[in-house]
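Hello,

Here is the structure I promised to hand over. My notes follow it.

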Amino acid sequence: MGLTNFILTVAGVGAAVMLLKSDVKQSVTVLRRNVKHIRHWLEEETSAASKAAQSIKPKEIEIKVPGKDIPKEKN
């Protein structure tokens, strides 16, 4: 009876380990695929943003300094 319980326990634990092992492998595969997709999306967005930034010309800003703020030199 004890030997039978031991054999059933070992078989049950072995089956659980095999199932978890295959589940972990599948999860890792899905995660790697998702990371590749996300990396591809980020590269596309980065290249689109850099192209958009190159096509936009910067605006020129006129600087006006009021006469009161200019310090006068003392001789």
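This is a predicted model: local features need pLDDT of at least 70, side-chain atom pairs count only at pLDDT 80 or more; totals for chains, interfaces and linings use all residues.

Helices (H or I, at least four residues) and strands (E, at least two) are DSSP runs, numbered from the N terminus.

Residues are numbered from 1 along each chain as its sequence is written, and side-chain values use heavy atoms, with hydrogens and water left out.

Surface first. The chain exposes about 8000 Å² (Shrake-Rupley, 1.4 Å probe; for residues, only the protein chains shown count as cover). Carbon and sulfur atoms supply 64% of that area. Of the 75 residues, 0% are buried. Buried means under 20% relative accessible area, exposed over 50%, partly exposed in between (1.4 Å probe, protein chains only).

Next, Leu3. Leu3 sits in helix α1, residues 2–55. Leu3 counts as exposed because its relative accessible area is 62%.

Last, Glu44. Glu44 also lies in helix α1. Its relative accessible area is 41%, so Glu44 is partly exposed. The Glu44 side chain makes a polar contact with the His40 side chain, at 2.8 Å. A polar contact is a pair of N or O atoms within 3.5 Å; within protein, one must be able to donate a hydrogen and the other to accept it, and residues adjacent in sequence count only if both atoms are side-chain atoms.

Best wishes
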